[in-house]
Every structure is written in structure tokens, then in C-alpha cells.
Amino acid sequence: MKELKRLAGKGFLVIGRAGMDLYADPPGTPLEQATAYTTALGGSSANIAAGLCRLGCDAALVTCVSDDAVGRFCLAQLDAYGVDRRFVRTVGGEARNSLALAETRWDGFQSVLYRNNAADFTMDDRDVTGLPYAGFSVLVTTGTVLAAEPSRSATFRAFDLAKAAGLPLVFDVDYRPYSWPSAEVAAEVYSRAANLCDIIIGNDVEFSFMAGPGGDGLEKARSLVRDGALIVVYKMGEKGAITITPEGETRTGIYETKAIKPIGAGDSFMAGFLAGLAEGDSVADAVQVGSAAAALVVSRVGCAPASPTRAELTDFMARAQMRPAG
């Protein structure tokens with residue numbers, strides 16, 4: 001796809017939140033019994049940026065963090081992963097970074113996310129207007145950043161500026177109901193964003209939600225390609241994924257793995273998929289790279305720390321079995 005050749009520059013501008021994750025330790029411990037935790041970088045956009053860097057790409061994050069110890073933890077972690085944080089603004093007052101408590105277990109998995117007065121929602125026009133868009137290969141965002149103002153308007157402004165600079169737009173639906181004032185608002189805003197983007201990735205539940213009551217999620221995904229999107233990936237969990245392009249549809253299975261937690265797969269899939277496209281992989285092969293990254297992350301503790309390197313992905317894909325699409 002000639003429209004996506006710019007991805008070969010491997011320079012990703014990612015908009016969205018960074019946060020602090022606390023995992024009950026040792027693995028398998030329920031939150032209510034935990035007396036020790038391990039810390040990790042969290043937040044969907046920060047996880048994607050870290051995953052891209054682990055795979056040999058360059059990634060810069062655009063967000064706001066709180067002016068406190070948790071915000072400084074996020075900044076230090078971004079540095080540790082090699083994420084460019086020139087465009088991360090520190091905000092004071094009552095703004096706070098996201099804080100997530102989670103377990104490393106599959107059965108009975110629990111997580112608790114604190115998002116009151118979220119710092120990332122304070123991102124506004126000043127954070128996106130002067131960005132050097134022309135120096136990047138692609139703009140990536142997740143649906144979380146659209147859940148409140150002023151970050152919602154700032155993100156749509158970034159879309160306009162990035163398009164003017166010739167950047168492809170990538171959108172991970174990432175629907176989190178607790179962040180939105182209503183399901184109706186979320187569906188309207190997500191559909192608006194998806195209609196502007198070149199690559200849209202989401203799961204069957206998210207596309208069904210976007211389709212509205214009684215709507216068909218897969219048909220919604222197909223309609224986005226008919227309306228101009230270049231790639232839509234319709235993920236179906238253990239049944240694999242359907243990738244839709246103007247040339248047709250392909251079904252892909254998932255890699256067999258011993259999962260120890262049910263979170264992190266979406267962010268790692270996005271990082272692996274985009275890194276694959278940047279390497280020049282076909283769309284179908286890039287989906288397999290994303291699936292392999294997701295399989296590795298759910299088999300390890302944490303999300304950002306579990307992100308694989310290219311060498312780890314290559315080794316895993318050479319020896320792992322792919323389950324046929326459902």
C-alpha cells in the first residue's frame with residue numbers, strides 16, 4: 001500500500017496516557033491478599049510506545065502527567081524504554097496520573113483502575129499545535145484519550161495537523177466504559193475518529209458497540225474500509241482476527257501460549273503490528289507479528305516490561321504453533 005510507505009521511517013508519534021501499574025506479588029496472589037507489589041509503566045499509549053521502542057522503532061509520547069512522585073515515575077520509565085518524552089507536559093493542582101492495581105493470574109483475574117482527575121485528560125491545544133508532525137512517520141492514538149475534554153478536542157486537532165503533514169492515522173478503539181459520560185457519546189465520538197483514520201484496530205465487542213444497538217460489528221468494520229480506511233483489524237480473542245483491506249479479507253489464528261494474565265494483549269498487538277508494517281511486512285504477516293507479541297505479553301508479568309524484542313519475536317514465531325482462526 002503506497003499510502004503506508006511512510007511507516008518505513010519507523011518514527012511513531014503516540015498520543016495518550018501513561019500510568020503506573022502495581023502487580024500483586026508473587027504472581028498468582030489475589031489483590032485482597034497482597035502484601036507486596038511490583039511496579040511497571042502502564043497506560044495503553046505508553047505501553048504501545050514502549051513496545052515499539054523494544055522492537056527497534058522510534059516513538060514519542062504526547063500526554064500530560066501529574067507533578068508528583070507517580071508522574072515522575074512515569075517519566076523515568078519512559079526514559080528507561082527509550083520513549084521520547086519531549087512532548088509530555090507536567091501539570092499541577094489536583095490532576096493525578098492513572099494508577100492500576102492488577103493480578104497476574106488467569107482464573108478470577110481482578111484489576112482496579114484509579115482515574116479520578118486524570119492528568120492525561122488535561123492535554124489541550126497547546127500540547128498538539130506546535131508538534132513537528134512532518135518529522136514523524138505516523139500518528140497513533142487510543143480511544144481512551146477521547147473520553148473527556150480538553151484532550152478529546154486536542155486529539156482531533158492533532159488528527160487535522162497530522163493529516164496536513166501527510167501522516168497516516170492509526171486508531172486503537174480501546175473502549176473503557178468507566179471513562180465516558182455515556183455509551184451514546186462514546187459511540188458517536190469513536191465513529192467520528194474511526195472515519196478519519198487509515199488504520200483502525202479493535203475487538204468484536206468494540207466494533208459491535210460502535211455499530212449501535214442491534215448493529216453488526218463486523219459489518220461496521222467493513223463499512224470503514226468502504227468509506228476509505230486502508231486497514232481494519234477485527235479481533236476476536238481466541239478465535240483470531242479478520243483483517244479487512246480494500247483488496248479483501250483474511251482470517252488469522254492466534255499463537256498457542258501459556259497465558260498467566262488476560263491483559264496487555266491489545267497494546268502489544270498494536271506495537272507488533274505497526275512494527276511489522278514498518279519493517280515492510282505484508283499486512284497479513286504484520287498481523288501475525290502482532291499476534292505473536294500479544295501471546296508473549298500475556299505469558300509474562302506486566303505489560304510494558306513484558307514487551308518482546310524483535311529477536312524474541314522471531315524465536316517465538318519459529319517454534320510456536322498458530323491455532324487456526326475460529
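Analyst: The buried residues of α4 pack against β1, α3 (125–128), β8, β9 and α5 (183–196). Here contact means heavy atoms within 4.5 Å, and buried means under 20% relative accessible area with a 1.4 Å probe, protein chains only. The model is predicted: local features need pLDDT of at least 70, side-chain atom pairs count only at pLDDT 80 or more, and totals for chains, interfaces and linings use all residues. Residues are numbered from 1 along each chain as its sequence is written, and side-chain values use heavy atoms, with hydrogens and water left out.

User: Which residues of α4 are buried?

Analyst: An α-helix has 3.6 residues a turn, so residues three or four places apart point the same way. In α4 the buried residues are Ser151, Arg152, Ala154, Thr155, Phe156, Ala158, Phe159, Leu161 and Ala162. Helices (H or I, at least four residues) and strands (E, at least two) are DSSP runs, numbered from the N terminus. The 14 residues of α4 reach 20 Å from first C-alpha to last, close to the 20 Å expected at 1.5 Å a residue; the expected span is 1.5 Å times one less than the number of residues. Gly166 follows α4 and has a positive phi, near 85 degrees.

User: What is the strand order of the open sheet of nine strands?

Analyst: Two strands pair if DSSP finds at least two bridges between them. In this open sheet the order is β5-β4-β1-β8-β9-β10-β11-β12-β13, and the pairing is mixed. At its edges are β5 (88–91) and β13 (248–252), each of which pairs on one side only. From one strand to the next, the twist averages 15 degrees. Helix α4 (residues 151–164) packs on this sheet, where it touches β1 (11–15), β8 and β9, and its direction makes about 160 degrees with that of β8. Axes are lines fitted to C-alpha atoms, for helices over the stretch in contact, and angles run from 0 to 180 degrees between N-to-C directions. Helix α6 (residues 204–211) also packs on the sheet, touching β10 (199–203) and β11 (231–235), at about 105 degrees to the direction of β10.

User: How many bridges join β8 to β9?

Analyst: Four bridges join β8 (residues 138–142) to β9 (residues 169–172), and these strands run parallel. One of the bridge pairs is Thr142 with Asp172 of β9.

User: What is the order of the sheet of four strands?

Analyst: The order is β3-β2-β6-β7 in an open sheet with mixed pairing. β3 (37–42) and β7 (111–114) are at the edges with a single partner strand each, so one side of each is left without a neighbour in the sheet. Its twist averages 20 degrees from one strand to the next. β6 (residues 98–102) pairs with β7 in the antiparallel sense over four bridges, and Ala100 has Leu113 of β7 as its bridge partner. Helix α2 (residues 69–81) lies across β2 (19–24) and β3, at about 70 degrees to β3.

User: At what angle do the axes of α9 and α10 cross?

Analyst: Two packed helices are described by the angle between their axes and the distance between the axes. The axes of α9 (residues 283–297) and α10 (residues 310–319) come within 10 Å and cross at roughly 95 degrees. The two helices are therefore roughly perpendicular to each other, a label for angles of 65 to 115 degrees. Residues making the contact include Val289 and Leu296 of α9 and Leu313 and Phe316 of α10.

Terms used
Angles under 35 degrees count as roughly parallel, over 145 as roughly antiparallel, 65 to 115 as roughly perpendicular and the rest as oblique. Buried means under 20% relative accessible area, exposed over 50%, partly exposed in between (1.4 Å probe, protein chains only).
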